[in-house]
Amino acid sequence: MISCDICIVGAGPAGASAALFLAKKGINSIVIDKATFPRDKICGDACSGKVSWVLRKLDVEIEKDFANNRTNLPSWGVKFFGSQNNELKVPFKLNYNKEDDQAPGFISRRIDFDNQLLELLKKEKRINLIENTPIIDYQREGNELILSNDQLGFKLSTKLLLAADGAYSKAAKQLMGLQIPDEKNSLGLRAYCSGVEGLDPEGFIELHFLKELLPGYFWIFPLANGEANVGLGIRADVQKKKRINLKKVFQEIIEEHPILSKRFAKAKFSGQIKLHGLPLGGHKRISSDNLLLLGDAAALIDPFTGEGIGNAMISGMLAADVIEANYKMKSYSAENLRSYDELVYKRLASELNLSQSMQNLTNYPWLFNFVVNKARNNKELQETISCMFESVDIRKKLRNPLFYLRILFG
């Protein structure tokens with residue numbers, strides 16, 4: 001049996017970030033992933049300014065390498081479309097200059113982005129990477145956790161587990177009894193295609209809030225090779241209640257929608273159309289004795305925009321900070337690890353709550369269209385929405401309900 005102080009399950013953005021920040025602090029870890037990289041991951045592929053910010057915190061040169069990678073398309077913002085096809089164009093960075101500034105975000109296929117992160121893990125001597133090893137069972141034994149896969153003859157004991165094992169986290173379920181209720185779970189469908197008309201030349205991603213998907217949306221994200229990542233997301237409870245066949249609705253949108261179908265008239269799809277779960281808004285507890293939940297395992301996906309990569313990487317970075325504070329004592333009790341919950345939600349709670357409110361708003365198309373139309377002519381509201389993407393430290397005014405009343409009705 002392998003023994004270690006710190007084990008990370010999942011080598012995606014959350015787990016990789018945690019391992020790299022730990023290594024930077026001089027702390028060793030074992031990283032285990034069920035797949036062999038490069039591997040695909042169902043996602044919109046958009047990386048906001050948060051991703052660049054975390055990479056920059058890790059190493060300025062690493063952030064530059066990602067920004068300049070030929071597989072990544074610079075992205076300057078997002079376009080929101082209401083059910084009336086009314087457009088709100090929101091830059092990730094206000095008053096940007098394409099000639100002099102670096103784009104705050106970028107779009108990268110997850111198969112490329114995650115593999116680029118994995119190559120960093122392979123270069124780091126303090127990280128022991130184990131691929132192609134799914135963990136089937138988690139058990140507690142005293143002050144340690146036992147991870148195993150009997151079929152592979154694999155067994156590992158660790159003093160601290162960082163669970164970055166995704167939306168259907170076995171660790172969260174087996175060790176903390178956590179489940180994702182349907183109203184906090186979104187179902188996503190993703191496809192790749194070429195020939196989509198009208199892609200934004202500045203890499204603006206598109207979120208179309210169509211009536212048949214509310215409180216979800218249809219997305220179009222341009223890619224570096226002229227192709228596009230297209231798909232849709234809808235809350236699981238809505239999908240079940242309305243008995244929506246996601247693949248059927250997707251086909252109807254690209255073939256019959258009065259506006260979008262024209263843009264897909266010459267589109268050619270490649271690969272399979274894939275489905276996946278997206279846990280939203282965060283669990284009440286994301287730590288326990290000898291355990292931290294990261295990224296999708298902690299349900300940290302933004303309820304409104306669906307962004308998960310940036311939040312996942314932030315959770316990995318903050319996990320490393322908490323571990324550093326407890327590392328010398330080797331004491332990973334729930335009480336000592338509670339600061340992880342506090343740090344993550346201090347950073348993300350206001351944003352997640354705001355996004356939940358925005359998602360709820362889309363249940364009322366007339367009101368959402370009103371907000372979109374209002375924001376088109378309201379610089380302060382545009383700045384606030386930009387802040388959701390560009391800034392990691394959300395402004396204090398986002399916590400004040402009077403701010404929104406003033407914006408909407410002032």
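This is a predicted model: local features need pLDDT of at least 70, side-chain atom pairs count only at pLDDT 80 or more; totals for chains, interfaces and linings use all residues.
Two strands are said to pair if DSSP finds at least two bridges between them.

Strand β13, residues 205-208, and strand β14, residues 217-222, pair in the antiparallel sense, over three bridges. Within this pairing, Leu 207 has Trp 219 of β14 as its bridge partner. In general, strands of a sheet pair through backbone hydrogen bonds, either parallel or antiparallel.

Both strands belong to an open sheet of seven strands, whose order is β6-β5-β13-β14-β15-β12-β16, with mixed pairing. The edges are held by β6, residues 87-91, and β16, residues 268-279. Each of these has a single partner strand, so one side of each is left without a neighbour in the sheet. From one strand to the next, the twist averages 15°.

I turn now to helix α3, which spans residues 60-68. Which of its residues are buried? They are Ile 62, Glu 63 and Phe 66. These residues cover an arc of only 100° around the axis, which puts them on the same side of α3.

Next, Ser 48, which is found in the loop between β3 (46-47) and α2 (49-58). Is this residue buried or exposed? Ser 48 has a relative accessible area of 3% and is therefore buried, the limit being under 20%. Its side chain makes a polar contact, at 2.5 Å, with the side chain of Glu 307.

Finally, the cysteines. How many disulfides does the model contain? The count is zero. Cys 43 is in no disulfide, and the nearest cysteine sulfur, that of Cys 47, is 7.3 Å away. Cys 47 is likewise in no disulfide, with the sulfur of Cys 43 as its nearest, at 7.3 Å.

Terms used: Residues are numbered from 1 along each chain as its sequence is written. Side-chain values use heavy atoms; hydrogens and water are left out. A disulfide is a pair of cysteine sulfur atoms within 2.5 Å. Helices (H or I, at least four residues) and strands (E, at least two) are DSSP runs, numbered from the N terminus. Buried means under 20% relative accessible area, exposed over 50%, partly exposed in between (1.4 Å probe, protein chains only). A polar contact is a pair of N or O atoms within 3.5 Å; within protein, one must be able to donate a hydrogen and the other to accept it, and residues adjacent in sequence count only if both atoms are side-chain atoms. The arc is that of the directions from the helix axis to the C-beta atoms. Axes are lines fitted to C-alpha atoms, for helices over the stretch in contact, and angles run from 0 to 180 degrees between N-to-C directions.
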